[in-house]
Amino acid sequence: MNVLRDEFPPRFLRQSYSTVVLESASVSSLLSVPDFRAEDSDLRGQLMYRVVGDGLAPVFFTLNANNQPAVRNPLTQAPNDQYVVSTILY
């Protein structure tokens, strides 16, 4: 009998999330992103996330130890006024 380790891949509860972050937000401050989480119906471990984003997004945004989106570096140093932050499950 063959048993698949991950028959059903993890998926985010919503297809996309968005929020506004003020330039004055301090480093490590959490982004207000309601319901930012994923589920895996055949989970046999812990879900792990990673920020990949566009351009410099991973420089200015991160996920903290609890997988909550947060500010990584001072936004006053950010050259753009908006970023697309992509997060992947692995």
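What share of the 90 residues of the protein counts as buried? The answer is 24%, where buried means under 20% relative accessible area, exposed over 50% and partly exposed in between (1.4 Å probe, protein chains only).

A word before the views: this is a predicted model, in which local features need pLDDT of at least 70 and side-chain atom pairs count only at pLDDT 80 or more, while totals for chains, interfaces and linings use all residues. Residues are numbered from 1 along each chain as its sequence is written, and side-chain values use heavy atoms, with hydrogens and water left out.

**View 1. The fold holds 1 helix and 6 strands.** Along the sequence they run β-β-β-α-β-β-β. Both kinds of element are DSSP runs numbered from the N terminus: helices are H or I with at least four residues, strands E with at least two. The C-alpha trace spans about 55 × 25 × 20 Å along its principal axes.

**View 2. Arg 11 and Glu 39 form a salt bridge at 2.8 Å, N to O.** Because Arg 11 sits in strand 1 (residues 11-12) and Glu 39 in strand 2 (residues 38-39), the pair ties together parts that are 28 residues apart in sequence. A salt bridge here is a side-chain nitrogen of Lys or Arg within 4 Å of a carboxyl oxygen of Asp or Glu. Arg 11 is partly exposed at 47% relative accessible area, and Glu 39 is partly exposed at 37%.

**View 3. Arg 37 meets Asp 35 in a salt bridge at 3.4 Å, N to O.**
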